[in-house]
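User: Can you walk me through this one? I'd like the sheet, the ligand site and some helix packing.

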Amino acid sequence: MKLLVTGGAGFIASNYIRYALSSHPDYQVINLDKLTYAGNLENLKDIESSDRYTFIKGDICDGKLLEGIEFDAVLNFAAESHVDRSILDARPFLQTNIFGTYNLLEAALQRKCTFLQVSTDEVYGSVEKDFFNEISPLQPNSPYAASKASSDLLVRSYIETHNLKAMITRCSNNYGPYQFPEKLIPLVILNAINKKPIPVYGDGMNVRDWIYVIDHCKAIDAVLHKGTPGEVYNIGARNEKPNIDIIKLIINKTAEILNLDNVGLMDLITFVDDRKGHDRRYAIDPAKIERQLDWTPETNFEEGISRTIKWYISNEQWWQRILSGNYMQYYNEQYGERLKN
Ligand SMILES: NC(=O)c1ccc[n+]([C@@H]2O[C@H](COP(=O)([O-])OP(=O)(O)OC[C@H]3O[C@@H](n4cnc5c(N)ncnc54)[C@H](O)[C@@H]3O)[C@@H](O)[C@H]2O)c1
């Protein structure tokens, strides 16, 4: 089996590639990644010399390039993935997330192979009570979520029109090793380690459902091997938490691990102007994948958070290289003024 994994130098797909190579000793993995600011080949240092792994630097929007790649199944992780950046400039989101997905669908159709679209719970929008299931309406609120919902609908159209063997997964918020520092959990960990102000949007009461990245990878693998073509699967860990609770937990755990004073670290919490159109609560019901594919998350949240904090503490070189690059320009644009107010 030859898997084409797109966006393999990013957070979730690099974890997936490592998982797939170790759990399927007879599989080959081709990683197609454009290496945007979020792509980092250091995420795959430990497996780059495997003879079952190939890296191709390229854009999923490049149809000609895709023609020359042989594969049996494609897992489409490649995306512009950060909501805040989609508020600043939506264009790359539409280009990669919609047009790139269209190109991959065409490539999969020509080869009559399996297509797995890695999507997000954000396509359902915000909900006050209750939980979204797979037939809930799509009501995306950010340009990022709208671009993902658009690509999901394109995938649906290829299933209905061309009988493509495609499946869609919609997962809740991930955390774990190799996550780019712009996302909430690594941002809080790094600012706590570096004793920098920790910006918290609005009142900090926005709720997300958190899952450890390896549990997400295992769910994707279950869908690839046991999922029914044409189906959508929600993936979540039934682990809803307001942002402010996560931030306090990370501070307490970081203080414990580094033997620091947690009161001093708590003082770093700084409430800042809210994100535009900030969704209040995401909540999905993962009962379908649990029941039909016998998948359940294995990592308890506190354990997963401790493991993640320890990973960032032991991999300082990895994040120092990011913090010393262009990332800080984005960080200052995003939080500079907000932190002054
Ligand atoms: N992070 C989450 O919490 C979460 C939750 C649910 C779903 N998802 C979805 O999972 C996928 C991966 O998310 P992530 O957080 O790992 O993202 P990420 O931003 O860490 O990685 C994205 C990767 O895609 C690559 N890429 C971007 N544009 C490309 C293009 N045109 N061609 C080829 N490669 C390109 C980047 O270089 C990068 O390596 C995304 O599709 C995202 O929507 C993420």
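Analyst: Here is a short tour of those topics. Bear in mind that this is a predicted model.

User: Sheet first. What is the strand order in the open sheet?

Analyst: The order is S3-S2-S1-S4-S5-S6-S10, which makes 7 strands, and the pairing is parallel.

User: Which are the edge strands?

Analyst: S3 (53-57) and S10 (232-235). Each of these pairs on one side only.

User: And what does the twist average from one strand to the next?

Analyst: The average is 20°.

User: Zoom in on S5 and S6. How many bridges join them?

Analyst: There are 6, and the two strands run parallel. S6 covers residues 166-171. For a landmark, look at phenylalanine 115, which sits opposite alanine 166 in S6.

User: Which strands does H4 lie across?

Analyst: H4 lies across S1 (2-6), S4 (73-76) and S5. Its direction is at about 170° to S4.

User: What about S9, how does it pair with S7 and with S11?

Analyst: With S7, S9 (residues 207-212) pairs in the parallel sense over 3 bridges. Asparagine 174 is opposite isoleucine 211 there. With S11 (residues 240-242), S9 pairs in the antiparallel sense, also over 3 bridges. Arginine 208 has lysine 241 in S11 as its bridge partner.

User: Switching to the ligand. How many residues surround it, and which are the closest?

Analyst: The count is 31. The closest are Gly7, Gly10, Ala38, Gly39 and Ala79.

User: How does the shell divide into nonpolar, polar and charged?

Analyst: 15 nonpolar, 11 polar and 5 charged.

User: Last topic, H6 and H11. At what angle do their axes cross?

Analyst: Roughly 55°, and the axes come within 10 Å. H6 is therefore oblique to H11. H6 spans residues 184-193 and H11 spans residues 301-314.

User: Is that crossing left-handed or right-handed?

Analyst: The crossing of H6 and H11 is right-handed.

User: Which residues meet there?

Analyst: From H6, Ile185, Pro186, Ile189, Leu190 and Ile193. From H11, Thr308, Ile309, Tyr312 and Ile313. By class, this contact of H6 with H11 has 8 nonpolar residues, 1 polar and no charged ones.

Notes:
Residues numbered from 1 in each chain as written. Predicted model: local features only at pLDDT ≥ 70, side-chain atom pairs only at ≥ 80, totals over all residues. Axes fitted to C-alpha atoms, helices over the stretch in contact; angles between N-to-C directions. Helix = DSSP H or I, 4+ residues; strand = E, 2+ residues; numbered from the N terminus. Parallel < 35°, antiparallel > 145°, perpendicular 65-115°, else oblique. Left-handed = near helix turned anticlockwise from the far one by under 90°. Contact = placed C-beta atoms within 7 Å. Nonpolar A, V, L, I, M, F, W, Y, C, P; charged D, E, K, R; others polar. Near = placed C-beta within 6 Å. Pairing = 2+ DSSP bridges.
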